[in-house]
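Try each task before reading its solution.

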Amino acid sequence: QEQQRKIFVECLSKQLEEIDLIMSIFCNPGEAQIKDPATICHFNDYIEGKSKELVLQLDFSIFVNSSGKIEVFFTLPHTYPLLELPEIFIKSNATKSVEMDFKNKLDCFIDTLDKSEPYIYQIISWIQDNCDVLEEQEHEVTTKTDSNEIVEFERLWILSHHIKSKWKRQEIIKTANDLNLTGFSRPGKPGIICVEGLKKHTQEFWRIIKALHWQKMSIKKEEIKSKPFSEIEKLRRFHNFKEVDDEGDHMDMGVFMKFLEQHNSSYIKTELFGF
């Protein structure tokens, strides 16, 4: 317990020094923002022994280019930089495929860094040096599908150990909407996602979301039907894609079961929970 506290104190001290440096560099109005400024006092209280519990994490965002079109969100685990990696999400006008390729290259760069000292500023500098590709907005090539063409409709049921990160929750919703998928995301522990739509879109959703560094995430059930394109909308059980919760971090299990029943999906509880 004492050894764990020493690690927390060392890591949090490094985080406070780093965020102070970053905020002094990105000091123009609106350029950088700490999600909850109370986190700084919370960390200081823990370091000074005034508090024994760590609740808040350091969440902040930075606009890394002069046009203000590329925003990077950081979430620092309590044992960053020594033991855990930061969570990083990039918001830009680039297409999903361009963003994912950029993120993969960024991950490779992070792998080369010395983890004994904070390295967020090095990450920011790398993004600034390489972000030109994100500023060139691209458009996905879309082709009109004939109404009588036979296409594959798919519904994916995805189970995650947990879904808590604000940025991941936003990314799930944004990606589903971008791909014209319907369904829901239930945050909390466990986390559950259902997406339905054209198979090429559900598979693209899975490719993007599974790359976001989860503790454990898997597809529990795939439901596929082949129908004329004109009949696809009739197969949907959900009118849109939204996050479902119940005045808190996640929907109560009893309420969630009723939600599934309302959408003709109560059978999936066996696949998800084993009962």
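**Getting started**

The protein chain holds 10 helices and 9 strands; helices (H or I, at least four residues) and strands (E, at least two) are DSSP runs, numbered from the N terminus. This is a predicted model, in which local features need pLDDT of at least 70 and side-chain atom pairs count only at pLDDT 80 or more, while totals for chains, interfaces and linings use all residues. Residues are numbered from 1 along each chain as its sequence is written, and side-chain values use heavy atoms, with hydrogens and water left out.

**Exercise 1. Describe the largest pocket: its space and its lining.**

Step 1: On a 1 Å grid over the protein atoms alone, a pocket is an open set of points where a 1.4 Å probe fits, with protein on both sides within 12 Å along at least five of seven lines; lining residues have an atom within 4 Å of a point.

Step 2: The largest pocket holds about 1100 Å³ of space, the volume being the space filled by probe spheres set on the points, which are joined across faces, edges and corners.

Step 3: Its lining has 35 residues, and Gln57, Thr75, Glu87, Ser165 and Lys168 lie nearest the centre.

Step 4: Sorted by type, the lining has 13 nonpolar, 9 polar and 13 charged residues. Here Ala, Val, Leu, Ile, Met, Phe, Trp, Tyr, Cys and Pro count as nonpolar, Asp, Glu, Lys and Arg as charged, and the others, Gly among them, as polar.

Step 5: Domain 1 and domain 2 each contribute at least three residues to this lining. Strand S4 (87-91), helix H3 (96-111) and helix H6 (166-178) each supply at least two, and H3 gives the most, with 7 residues.

**Exercise 2. Which residues of H3 are buried, and what covers them?**

Step 1: Buried means under 20% relative accessible area, exposed over 50%, and partly exposed in between (1.4 Å probe, protein chains only).

Step 2: The buried residues of H3 are Lys96, Val98, Glu99, Met100, Phe102, Lys103, Leu106, Asp107 and Ile110.

Step 3: Their cover includes S4, helix H4 (120-130), helix H5 (132-135), H6 and helix H7 (199-209).

**Exercise 3. Look for backbone exceptions in the loops.**

Step 1: Most residues other than glycine have a negative phi, and most peptide bonds are trans.

Step 2: The peptide bond from Tyr80 to Pro81 is cis, with omega near 5 degrees, and Pro81 sits in the loop between strand S3 (71-76) and S4.

Step 3: Lys189 and Pro190 are also joined by a cis peptide bond, with omega about 0 degrees.

Step 4: Asn180, in the loop between H6 and S6, has a positive phi near 60 degrees. Asn180 is exposed, with a relative accessible area of 52%.

How values were computed. Domain bounds come from an automatic or database domain assignment. Contact means heavy atoms within 4.5 Å.
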